[in-house]
Amino acid sequence: DGWRLSFIVPAFIAGTVGILMWLTGDDSPRGDLNYLYANGVLQRKTAKDSMKVGFSNINSWLLGVQYAACFGVELHVNNIA
C-alpha cells in the first residue's frame, strides 16, 4: 500500500511543471498565435487545407505503411492473426 504514496511526489512535480509550461510557454516557435494572426504574420488554416497537406505528404503515407506492417507482425508473433 505504501507504493501508492510514492506516486504523490512525482505527480506533484509533473502537475507543477505542466501548469508552469501552460502559463509561460508560447503557442508556437514564432510566439503567441493571437499576436501572429492579428499582425498578419500567419494565416488561419481550415481543417480541409490541413488535411490536403497531410494526405499529400509522402512521409505520412510511409509512416502509415510502416506502422501497419509493424502491427501485422505483432499480431502474428502473438498468434492472434
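1. The mean positions of the 6 positive and 6 negative charges of the protein chain lie 12 Å apart. Lys and Arg count as positive and Asp and Glu as negative, while His and the chain ends are not counted; each charge is placed at NZ of Lys, CZ of Arg, CG of Asp or CD of Glu.

2. On provenance: this is a predicted model, in which local features need pLDDT of at least 70, side-chain atom pairs count only at pLDDT 80 or more, and totals for chains, interfaces and linings use all residues. Residues are numbered from 1 along each chain as its sequence is written, and side-chain values use heavy atoms, with hydrogens and water left out.

3. The protein chain has five helices and zero strands, in the order α-α-α-α-α along the sequence. Helices (H or I, at least four residues) and strands (E, at least two) are DSSP runs, numbered from the N terminus.

4. Along the principal axes, the C-alpha atoms fill a box of roughly 55 × 45 × 15 Å.

5. Of the 81 residues, 4% count as buried (buried is under 20% relative accessible area, exposed over 50%, partly exposed in between; 1.4 Å probe, protein chains only). The accessible surface of the protein chain is about 7500 Å², with 66% of that belonging to carbon and sulfur atoms; areas come from the Shrake-Rupley method with a 1.4 Å probe, and for residues only the protein chains shown count as cover.

6. V9, F12, I13, V17 and M21 make a nonpolar surface patch of about 530 Å². Patch residues have over 30% relative accessible area and no salt bridge, with nonpolar side chains (Val, Leu, Ile, Met, Phe, Trp, Tyr) joined within 5 Å and like charges within 9 Å; a salt bridge is a side-chain nitrogen of Lys or Arg within 4 Å of a carboxyl oxygen of Asp or Glu. I13 lies in helix α2 (residues 8-24) and is partly exposed at 46%.

7. Y37, in helix α3 (residues 33-38), is partly exposed, with a relative accessible area of 27%. Its C-alpha is 28 Å from that of V17, 20 residues away in sequence.

8. F55 belongs to helix α4 (residues 47-55) and counts as exposed at 53% relative accessibility.
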